[in-house]
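My notes follow in the order I took them.

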Amino acid sequence: LLEIEENLAVETERYEDLQNLNSSMNLVKEILLNSYEKMQNSVSPKLTEQLSNNISEITDGKYKKVKFDDEQGMIVEIENGNYISAERLSSGTIDQLYLSLRLAVLDSMTEERIPIILDEAFSHFDDSRLKNMLKYINSKFEDRQLIIFTCNEREIKILEDSKINYNLIKL
């Protein structure tokens, strides 16, 4: 009988520990959901607006707006006003979106003018996309240090043809 009582006490203690753990997990879940909702209502609109502005300028207005949809993820407004999933776009356009998103996050999250470092960020860009992007980041981020790592020469040619000042360091 004593052994049964000891086992019951141990099991009761485990049950209470599990209940406490469950309560803690429910509290964390509630906090995360509240934080996510606050982020959606405050950060997301700014981020989405900045991303839309970026992609519209970079693509010369071909893509005007970007939204985030719970089912499809990132969706992009095409020229006829319809929205399509970003996954359906070309790899070059997806790379433009990704870089635009990174730049929008940078602008949305901090007022500090930190350097921007891009390592082979334009590898899937055709020359037209690259030219648009270089002109855009030159005008948009002229108050920041911009470091571009690349193994290509085409960036130099486009910078020179566009009369964009730069410093070249060959390693």
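**Notebook: strand, helices, salt bridges**

I began with serine 85, which sits in strand β3, residues 83–85. A reminder to myself: this is a predicted model. Is serine 85 buried or exposed? I find it buried, because its relative accessible area is 9% and the cut-off for buried is under 20%. I then listed its contacts, leaving out residues up to four places away in sequence. Serine 85 touches Gln72, Met74 and Ile75.

**Helix α2**

Next I checked the length of helix α2, which covers residues 91–109. It has 19 residues, and at 1.5 Å a residue they should span 27 Å. I get 27 Å between its end C-alpha atoms, so the two values agree. Then I looked up which residues of α2 are buried. The leucines among them are Leu97, Leu99, Leu101, Leu103 and Leu106. The buried set of α2 also includes Gly92, Thr93, Gln96, Ser100, Ala104 and Asp107.

**Helix α3 and its cap**

The buried residues here are Arg129, Leu130, Asn132, Met133, Leu134, Tyr136 and Ile137. What caps the N-terminal end of α3? I find aspartate 126 there, with a side-chain oxygen 3.2 Å from the backbone nitrogen of serine 128.

**Salt bridges**

How many salt bridges does the structure hold? I count six. I wrote up three of the pairs.

Pair one is arginine 14 with glutamate 11. Their closest N and O atoms are 3.1 Å apart. Both residues lie in helix α1, three residues apart, about one turn of the helix. An α-helix has 3.6 residues a turn, so residues three or four places apart point the same way. Arginine 14 counts as partly exposed, at 49% relative accessibility. Glutamate 11 is also partly exposed, at 44%.

Pair two is aspartate 143 with arginine 113. Their side chains meet in a salt bridge of 2.9 Å, N to O. This pair links distant parts of the chain, 30 residues apart. Aspartate 143 is in the loop between α3 and β5 (146–149), and arginine 113 is in the loop between α2 and β4. Aspartate 143 is partly exposed, with a relative accessible area of 45%. Arginine 113 is partly exposed at 44%.

Arginine 154 lies in helix α4 and aspartate 127 in helix α3, so the pair ties together parts that are 27 residues apart in sequence.

**Back to arginine 113**

I wanted the surroundings of arginine 113. Leaving aside neighbours within four places in sequence, I find arginine 113 in contact with Asp107, Asp143 and Arg144. One of these, Asp107, is on the buried list of α2. I also took a distance to phenylalanine 68, which is 45 residues from arginine 113 along the chain. The C-alpha atoms of the two are separated by 27 Å.

**Positive phi angles**

Most residues other than glycine have a negative phi. I looked up two exceptions.

Aspartate 60 has a positive phi of about 55 degrees, although it is not a glycine. I place aspartate 60 in the loop between α1 (2–58) and β1 (66–69). Aspartate 60 is exposed, with a relative accessible area of 61%.

Glutamate 120 has a phi near 55 degrees, again a positive value in a residue other than glycine. I find glutamate 120 in the loop between β4 and α3 (127–140).

I followed up isoleucine 169, which is in the segment after α4 (154–161). Isoleucine 169 is exposed, because its relative accessible area is 69% and the cut-off is over 50%.

Definitions and conventions. Residues numbered from 1 in each chain as written. Predicted model: local features only at pLDDT ≥ 70, side-chain atom pairs only at ≥ 80, totals over all residues. Heavy atoms only, no water. Helix = DSSP H or I, 4+ residues; strand = E, 2+ residues; numbered from the N terminus. Buried < 20%, exposed > 50% of the residue type's maximum accessible area, 1.4 Å probe, protein only. Contact = heavy atoms within 4.5 Å. Expected span 1.5 Å × (residues − 1). Salt bridge = Lys/Arg side-chain N within 4 Å of Asp/Glu carboxyl O. Polar contact = N/O pair within 3.5 Å; in protein donor to acceptor, adjacent residues only side chain to side chain.
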